[in-house]
Amino acid sequence: MDWDSLPEPGAGSTIGHVAGRWPLRPRTERATSPPAARRSDDCPAALRAVSELPARYRAVFQPFTLFNRVQSAVLDDALYSDRPLVVCAPTGSGKTVIFELAIVRLLMEFERAGQPVDCLAVYMAPMKALCTERFRDWRTKFGPLGLECCELTGDTDRDEYAELHRPQVVLTTPEKWDSVTRRWPRLGSVRLLLLDEVHLLADPQRGPTMEAVVSRTRSAPAASTRFLAISATIPNAADVAQWLGADGGAAVSHQLGESARPVRLRRLVLGYRCPERWSPFRFDMSLNYQLASVLHTYSDGKPALVFCSTRKGCQQAAAVLVQQAALVADGRHKVQLTRAANLVTDGALRELLLKGVGVHHAGLSPADRQAVEQLFLAGHLPVLLCTSTLAMGVNLPAHLVVIKSTRHYTAAGCQLYSDAEILQMCGRAGRPQFDTDATAVIMTETAHRERYERLLSGSQLIESCLHRHLISHLNAEVVLGTVTDLEAALRWLRSTFLYVCAVRRPDHYGLGGGAALSRTQVEDQLHELCVQELDRLADAGLISKGELEVVPTPAGRLMARFCISFNTMRALQQMSGQEDLPALLSVLAGCDEFEGVQLRTSDKRCLNALNRSSERATVRYPLPGRIKTTQMKINCLLQAALGSISIGDPSLSQDLTKICRVTERVMRCAVEYLRSAGGHRAYVSAVLLAKGVRTRLWPDSPLVGRQLAGVGPALAAALAQAGLTSLDAIAAAGGRRIEQAVNRLPPFGAHLCAAAGGLPRYGVTAEQQGAPAATSATVTLTVRLLTQHFSPETSATGARHSCLLVVGDEDNRLLCAARLTDGALQRAGQLQRQLHVQRASAGDLLTISYISESWVGLDVRAEFSPVYRTPAVGAGREQLPAADGAAAATTDAGVADTRQCRHHCLDKTGCAHLCCKQGVPVRPVGTRERVSRLMRAGAAPPPRAELAAPALKRPPAARAGPSVAKVACRPASVLSHNAVCPTIADYFKTTQPATVAARARDVPPPPEPDGTEAAQRRSIFSAWAALESLRQARAEPAWSRRPAGAAGGGDTAI
């Protein structure tokens, strides 16, 4: 947006007044701003000069020549000392400069020693927006000094550990740094840890993560880390200083009062009557009609920021405000607003901007949010209504801040804002470049007025919440080796903020004995708490707890590696191993990691349309009834993402981005856990779902072209509509056909064909080695690259593309799960894996899958039946009754086998008759009847060319040499077009053990007969042709003919 043509802020952006439209003064109980509490530090009268620093570092603080009062007060401790530092100062007082002074101190130390910088400085902030803002600023300031900046958040895609090997400033969030440090061994190289907005410790969800990662850094081996913690709201800064202290002493603490604020802040609490029968929603709606009066009274004609509890609340309050107040000053102001409104895409926002009111929340597109921010910063938007997340994100100060209602909606329901959130929102009042004073107004219920008066006086303490999530963080420390026994657990607990707070206020944490407990008594109860949590981990199989030590199990390591909650890990452990994709989606949607996702009333209409609708595309597995819970919302949105269904609602799109990011992490953990726990079906489903979430495609999606560069959802749909539903089809289509299908000009089609043709194609063969045994077999799997002149570096899959070789049997046992990379496959030419297979009780069939971990459409699937010495009694076989007292023989249902002859020889083993030794082949049982039954059921037999007679087993005595069977596996897309009809294939797949079967796992159902007489005649002819072919193949004895290539251990390939 071009703001250069807009005039400077001034009288043109004042709040107007329309006679008869402003309501009377509100009937409220007003409380004047409470007196400021005494602070431990007073700001110095003299300001310090930037020229005190060496000339090389002065450019960091340009264009200023003097530090302000807060910066001057802490300059000596930040720049000329290595002691830990805690600073509590008002918002807008320049606290970020204190971090910059600490970084300059670190650079000066290495310069004085004549050594290159060989360490890390870590900046940790609760919001990704803060990290991004600081990254852009510091990259410019510290780049000329040779110090790189690296942003590590959930939105960045980079090799985390490769980046951490270079000296730099790492800007990250607590959750991301927790994930990194759980697997990074060089935690001792962190020399400086900068904690912004340290009052996050009091947050029930995110506070424990920050506390755990700071404690981990403090207890790291050979760590010499300096800690700096800064916030505007630390009433008990002494507790934080005690926690971050070094060498048994507390950190240096500075608590600077309101006198240090560059803009004097007046804070007011307005109490409104709330009848008992009113719900929080109705009370919040009633405040909308009081908002115009508050703005008229306290805004002084300057920009105002109004915090609302929900996105819908912002829209409702804005709709009421534009009816009660005229906020457009004159014609020139209207032209400015019109010019800005024409640049936004949201229609409702455009109408509000034309009337001088803006809204800002996560439901808007990033471009619209940025446009509103720039308009407000320029001073041309009189009123901006936003959600509370803005208070901790983008820096948008205002002359007046109004908190409309002190309740907001969370996953646990409607709750009061935390004290830190209230103070943070109030801190947005005051624009140092424009104002000398500012006002913050809290609109709340009369019953809560005194509570917020005490809060504004600074008497609400920050408490630890680590005890609520202790089990997850305790398991992480066990995996890292910090906690090896009960005593080590207590030592780790002493390094936490929880320990400091529990010693000073034990009654707040429910410790028996109340406030009179001594330090020893508190430690005893914390020791019992550790024992209880370790017992829970041991009962869940996440740790192995002995008498002297605590050792993590593989499941516990996975839980720590992927930052999975205890309840989610328990849900993964309770899976049966038979889960398919719908069942996995149901388990996934109930994970604790989605606690921050809420089901809003405004979401239900769109979600119900995605679930069931006759007018638009819907999800693959519809949920019963209407969308009523958050779990159903998550399930529906995930299926919409996998089906490439356009959602349309910006707020749901924002939720989906978070859901997919969390889902990838949880599914990676599920894949690794099921790999060790077994369960072939659940493992394959987990691998396919993890890949689907990463690519936003179902495993069998026809929109595979979407993965190619330059192809979006619309072009992928056009390719699928043209019949190009596989990567092979795209590669073979030709550039002209592709360009016609997507309405693009050359050379778009040629480039797309080249990209699809350069993708890897794989061939997998299975060979049985050695003589057949009764209950085991040795199978060698060979994987080859079929793409000629393939280069992993130039392929669209990337140099790090990998696939999983997965083998399972009919007992649902996972026999193999090997990860192979394209680079290793290209260098070796082929890769082999040898399996020792134990015979399954449910059948002899092995399922072989070669699954790409990041691309849809490259998978290879087939089936293979090893040869065993004796037939098994199991699925598809019948136990025939014994004749004349002879032993019963096991035969395949409807398949030829041998029986004892009718000779009355006394010793059949020593008899010269060949039939006495080897038996007499029997005719297939019920073949004609079975095919007739299939035809009556409406299943058309396959064409004669596709129905090949299975190879028959020769008697053991006639075998010569090792038996080798081989199956060549083709891509699933090819197999699905050449496969046998599923009903007939199921009948013929249970042949003698020497039979080798190769068919697709997901074969499309047979076409339904069209009911015409001609179609019926064709079906009958095809069935009798199949029977005739089978009769001719079995006309001679099984041992009188040898399969092609059987001599000398040759291969029988299908």
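How many bridges join strand S21 to S22, and do the two run parallel or antiparallel?

Analyst: Seven bridges join strand S21 (residues 802-809) to S22, and the two run antiparallel. The model is a predicted one, in which local features need pLDDT of at least 70, side-chain atom pairs count only at pLDDT 80 or more, and totals for chains, interfaces and linings use all residues. Residues are numbered from 1 along each chain as its sequence is written, and side-chain values use heavy atoms, with hydrogens and water left out.

Some terms come first. Strands (E, at least two residues) and helices (H or I, at least four residues) are DSSP runs, numbered from the N terminus. Two strands pair if DSSP finds at least two bridges between them. Strands of a sheet pair through backbone hydrogen bonds, either parallel or antiparallel.

S21 and S22 belong to an open sheet of four strands in the order S22-S21-S24-S25, with antiparallel pairing. Strand S22 (814-821) and strand S25 (860-864) stand at the edges with a single partner strand each, so one side of each has no neighbour in the sheet. On average, neighbouring strands of this sheet are turned by 15° against each other, direction ignored. For such angles, axes are lines fitted to C-alpha atoms, for helices over the stretch in contact, and angles run from 0 to 180 degrees between N-to-C directions.

A helix also packs on this sheet: H25 (residues 680-695) touches S21, S22, strand S24 (846-852) and S25. Contact here means heavy atoms within 4.5 Å. The direction of H25 makes about 155° with that of S21.

For contrast, take a parallel pair elsewhere in the chain. Four bridges join strand S11 to strand S12 (residues 383-387), which run parallel, and valine 359 stands opposite leucine 385 in S12. S11, helix H12 (residues 366-377) and S12 form a right-handed β-α-β unit. Right-handed means that, with the strands pointing away from the viewer, the path from the first strand over the helix to the second runs clockwise.

In a regular strand the side chains alternate between the two faces of the sheet. In S11 (residues 357-360), Val357 and Val359 lie on one side and Gly358 and His360 on the other, and all are buried, so both faces are covered. Buried means under 20% relative accessible area, exposed over 50%, and partly exposed in between (1.4 Å probe, protein chains only).
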